[in-house]
Each structure stands twice: as structure tokens, then as C-alpha cells.
Amino acid sequence: MKSLIVKTILTTLTASALFLAAPEQANAKIIEQERSLYQNVYMVEEYGMHCMRFRKKNKNDLSQSCVFLDAPEIFVFDYYKQAMGATFFLDDPKEILIIGLGGGVLANTFGEVYPDAHITSVEIDPVVVKMAKKYFDYDDSKANFETHVRDGRVFVKRALKDDKRYDFILLDAFNSDYIPEHMMTKEYLEEVKALAKDDGIIMANTFSTSDLFHHESATYAEVFGPLYQINFKNKKTNRVIVVSKKPLPEKRQLLQKANELKGELLIYGVDTLALFDAISDEVNWDTEAEVLTDQYSPANLLK
Amino acid sequence: MQILILTCAFLCGFLIMTIELLGGKILSPYFGGSVYVWGSIITVFMLALSVGYLFGGKLSLNNPNTRKYGIIFMLAALSVVPLTLGHEAVSEWVFDVTDDPRYGSLLASTVLFLIPSIILGMVAPYSVRLLVRTAHSSGQTAGFLYFVSTLGSAGGTLATSFYLVLWFKIDHILYGSALILFTLGLIAFFFPQPPLSATVNSNENIE
């Protein structure tokens with residue numbers, strides 16, 4: 001256990017140091033690339049990590065997924081850790097839906113944390129699924145995993161009509177820019193809300209800096225009412241939004257879960273108490289910002 | 001005369017691309033935003049325009065005048081209204097039939113865009129007919145007309161994708177397009193002008 005902690009701390013420190021340093025191309029080596037219908041998918045080896053990218057240049061850390069080669073269980077990105085905050089809200093989920101598989105890091109991790117759960121992942125790009133299997137240990141031949149190669153919004157609409165319902169829905173669909181426009185709108189979130197069970201939890205990975213931040217937050221608030229954001233202090237990268245059909249629990253009620261999961265999540269380099277501190281219900285966006293709809297979602301222009 | 005026809009042709013080219021670009025936004029909630037969906041939309045528009053060119057050319061044989069030209073614009077405007085009112089219902093209906101990104105989006109774009117873009121396609125050959133003075137200069141006239149209307153298309157593509165979607169809702173842009181088309185139609189209808197060509201006896205229908 002002790003060596004694990006030391007390893008965790010060391011790896012985390014190394015990772016932080018690397019991300020603080022300007023990302024130079026010098027150490028990056030493209031080990032595989034493939035053009036898909038949607039983008040160029042690059043697998044890059046750098047700083048002891050495998051990363052999947054949709055652009056060749058790594059400006060402002062545009063990697064979609066990364067794992068450490070010598071410690072694949074430890075999270076590279078803060079957003080992975082923030083995403084584990086969802087476990088504080090969940091009570092043994094049976095049906096999990098992940099929109100936007102990427103490398104499959106979160107699918108794998110939720111699969112480990114909830115071994116009884118059935119995890120359905122939706123990914124539009126078959127090349128991304130291929131890379132996930134090859135480099136990120138994503139294995140959907142397991143009985144409780146399934147992968148659908150299709151547009152996330154189309155999947156959600158179809159699943160609604162087929163009367164599927166989920167305990168936990170994770171929204172993580174990204175292209176090389178940001179979240180696709182048709183997956184940021186009020187109508188989409190309403191469909192996702194309807195697809196959640198009555199006590200279902202919905203979590204979304206979004207950026208915390210962009211003009212879009214206010215519009216996006218206003219859209220979530222419009223559909224779900226109060227929301228929690230998980231964002232490590234002074235980290236201006238990703239924030240994770242947690243919402244629910246039912247009113248969300250008060251923050252202090254989450255502390256018990258944070259304590260219970262401390263040991264389990266340590267394996268991934270997650271400090272659950274720091275994560276607990278990073279949860280906020282503060283309204284830090286412009287509540288007057290226009291809500292994004294199918295009629296009005298100039299998302300990429302606002303960014 | 002020339003100014004009227006050229007303005008009409010420019011705006012027609014502009015609005016064709018405005019509607020085509022909005023097509024992507026209309027269909028993406030149902031069929032995604034992939035290259036398949038764009039392929040469907042562009043196919044339907046190209047097909048419809050080709051048919052429209054045929055009809056427009058045919059129509060221009062029989063006593064061409066700006067009144068009829070105006071009617072084409074008014075019909076185009078009217079055909080955009082059901083598109084605006086019904087695109088959600090149509091997409092929903094097609095989605096129930098199939099959510100295949102290829103054939104679903106092809107079916108939906110056919111139902112939604114075929115008729116408006118056939119009518120809009122009739123404008124270009126009819127404009128040529130109204131502008132042509134002599135057989136000798138007909139190629140130059142047609143070339144200039146296509147220059148103007150395709151320039152309009154470039155403008156419509158840029159304006160819609162860069163600015164209009166940032167300023168307005170999709171349906172408002174569509175209603176705006178219908179309004180512009182209808183206004184052009186009214187102008188052409190109520191201020192009729194004789195064709196420039198001397199080869200046609202055009203005074204019959206002109207007051």
C-alpha cells in the first residue's frame with residue numbers, strides 16, 4: 001500500500017511537472033495514425049504516456065485520452081479524477097451509458113468500480129474504438145461491456161424510443177474542437193434527462209474556460225435546475241457537471257461516500273477528500289446567457 | 001431590367017446556399033453531423049437544381065416575362081414556409097422509419113428540400129432568357145449571369161455559416177429567406193419589364 005502511495009505521488013508529481021512545462025514536440029513520437037471519416041487519429045508516445053489525439057500539434061493539451069505506460073491505472077488527466085466525483089452520487093448503478101468512448105479510460109474505470117454494472121459506450125468513430133482496444137485496454141468482449149459505433153445524439157433518440165433507461169449517463173463526446181454543436185443543446189439534454197432513470201445521475205465533461213462556458217452552464221441549469229460543478233481550484237481546464245432528474249443531495253451528504261471510497265479510488269491517484277472539496281454548487285456563470293437550442297447553437301463560433 | 005434580374009439571381013444564389021447550410025443544422029439532431037448527412041443534403045440540392053434548370057429552361061420558351069419570373073420567386077418563398085414549419089415533424093417521422101445516417105438523412109433531405117430547390121433552380125435559366133439580347137452574345141450573358149448567381153452562393157455560404165447562425169435562430173433565417181424571395185417576386189411581378197431580346201414579340205403581355 002505504502003509503495004503504491006509513493007508511486008502515485010511520484011507519478012502525479014511527474015505528470016504535473018510535465019504539464020507545467022511547455023509541451024514540446026521533441027519527446028513526442030507518433031506511433032500510429034489513421035485517417036477516419038471524422039478526423040485523423042494519432043497515437044502518440046511521449047513522457048512515458050500513450051495519448052490519443054485528433055490533431056498533430058499538441059497546442060493547449062488537446063489530447064483526447066492518455067495513459068501512463070508503467071502505471072496505467074493512475075489517471076493522467078484531472079478531468080478523469082473529477083469524473084470519479086460521480087461515484088459520490090451513485091448507489092451501485094446497474095446500467096451505465098457513456099457517450100463518447102475516446103480511449104475508454106473512464107469506461108474501464110467505472111467497470112472496475114462497479115463490476116456488476118452493464119456499461120454501454122457510444123463512439124462515432126470506429127478508428128477511435130480500434131485505438132481504445134489496442135492502446136487503452138478497452139475490452140468490450142467482456143459480458144458487461146458493449147460498444148455502439150454511431151452518433152451519440154442519434155443513439156440517445158433511438159434508446160429513448162426503445163424504452164432503455166440508465167442509472168448513470170456520462171456525456172463525454174468531443175471532436176477535435178470541442179463538443180459537437182448538436183450535443184450541447186437544450187433539446188439534447190432533455191433527451192438525455194428522459195433517458196435517465198428517476199434517480200439517475202448525469203455527468204458531463206466540459207471546458208471551464210471559453211465564451212461558451214456561460215451558455216453551456218445556462219443550458220444545463222435550464223434543463224436540470226441546480227447543478228454541481230467539480231473543478232480543482234486554480235485549474236483552468238476541464239470542469240465536470242453533475243446533474244440529476246431528482247433534486248441533488250446536499251454537499252455534506254456526499255462526505256460519507258467520499259470517505260468510504262478513499263481507499264478504492266486511491267489506486268487511480270484520486271484523493272477523494274480533495275475531490276470532495278472540488279465540488280461546488282456555486283452559480284459562477286452569467287445566468288442571463290442565452291440557452292443553446294437546436295435552433296440556436298453557434299457553439300463553435302462562440303468558442 | 002438588367003439590374004433587377006441580376007439582383008434576383010444574386011439573391012437566389014445566396015439563399016440556395018443559406019437553406020442548404022441550414023439543412024445540416026436541421027438534420028444533425030436526428031442523423032448526426034457526419035459527412036453522410038452533408039452528402040445527402042448536397043445530393044438532393046444538386047439533383048433538385050438540375051431538374052429546376054430543366055424546368056426553368058423549358059418555361060422560358062413560352063413568352064418569357066418578368067411577371068412569370070416573379071411568380072417563380074413567390075412560389076419558392078411559399079415552398080420555404082412548409083419547410084420551416086415542418087422540418088421537425090418530418091425529421092421525427094423519418095427517424096421513426098430509419099435512423100441510418102445515410103438513407104435516413106437522404107430521405108429527410110428529399111422530403112424537406114427537393115421542392116424548394118427545384119423551384120429555386122428554375123431561376124437561373126429563366127434569368128438567362130430574360131437577359132439575352134442576341135444569339136451572338138448569349139454565351140457571354142449566360143456566363144455573366146452564372147458569375148453573379150454563383151457569387152451570391154459564395155456570399156450566402158459565408159454569411160450563413162460565419163454570422164447568420166450566430167445572430168439568428170434557424171427558423172428565423174428561413175422565414176427571412178422566404179420574405180426576401182417573396183419581396184423579389186412582388187417587385188418582378190408588379191414592375192414588369194420587356195425582355196431585352198428583340199427576337200421575341202414580347203409586347204403582348206406588357207401593359
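Visitor: Which residues does D172(A) touch, not counting residues up to four places away in sequence?

Guide: Two residues are in contact if their C-beta atoms, placed from the backbone, lie within 7 Å. In this predicted model, D172(A) touches I98(A), I99(A), G100(A), G102(A), L106(A) and N205(A), with residues up to four places away in sequence left out. The model is read with limits: local features need pLDDT of at least 70, side-chain atom pairs count only at pLDDT 80 or more, and totals for chains, interfaces and linings use all residues. Residues are numbered from 1 along each chain as its sequence is written, while chains are lettered from A and ligands numbered from 1 in the order in which they are written.

Visitor: Where is the place of D172(A) in chain A?

Guide: Helices (H or I, at least four residues) and strands (E, at least two) are DSSP runs, numbered from the N terminus. D172(A) is in the loop between strand 8 (166-171) and helix 6 (186-195) of chain A. UniProt, in an unreviewed entry, places the feature "active site" at D172(A). UniProt positions are given in the numbering used here, feature names are shortened, and annotations may be inferred rather than shown by experiment.

Visitor: Is D172(A) buried or exposed?

Guide: A residue is buried if 20 or more other C-beta atoms lie within 10 Å of its own, exposed if 12 or fewer, and partly exposed in between; the C-beta atoms are placed from the backbone. D172(A) is buried, because 26 other C-beta atoms lie within 10 Å. By contrast, S141(A) is exposed, because it has 6 other C-beta atoms within 10 Å. S141(A) lies in the loop between helix 4 (126-135) and strand 7 (145-149) of chain A. Of the 303 residues of chain A, 47% count as buried.

Visitor: Which residues touch the most other members of the largest nonpolar core?

Guide: In soluble globular proteins, nonpolar side chains tend to be buried together. A nonpolar core is a set of buried Ala, Val, Leu, Ile, Met, Phe, Trp, Tyr and Cys residues joined through C-beta atoms within 7 Å. The largest one here has 142 residues, of which I98(A), I169(A), M203(A) and V242(A) touch the most other members. Domain 1 (2-68) and domain 2 (78-302) of chain A both give residues to this core, so the core lies between them. These domain bounds come from an automatic or database domain assignment. Beyond four places in sequence, I98(A) touches residues including L106(A), I119(A), L170(A) and D172(A).

Visitor: How many residues of domain 1 of chain A are in contact with domain 2 of chain A?

Guide: 16 residues of domain 1 of chain A are in contact with 16 residues of domain 2 of chain A. On the side of domain 1 that touches domain 2, the largest share, three residues, comes from helix 1 of chain A.

Visitor: How many residues of chain B are in contact with chain A?

Guide: 16 residues of chain B are in contact with 15 residues of chain A. Helix 1 of chain B gives the most to the side of chain B that touches chain A, with four residues.

Visitor: What pLDDT does chain A average?

Guide: pLDDT is the predictor's confidence in each residue, from 0 to 100. Chain A averages a pLDDT of 87, and 87% of the residues score at least 70. Over residues 15-25 of chain A, however, pLDDT stays under 50.
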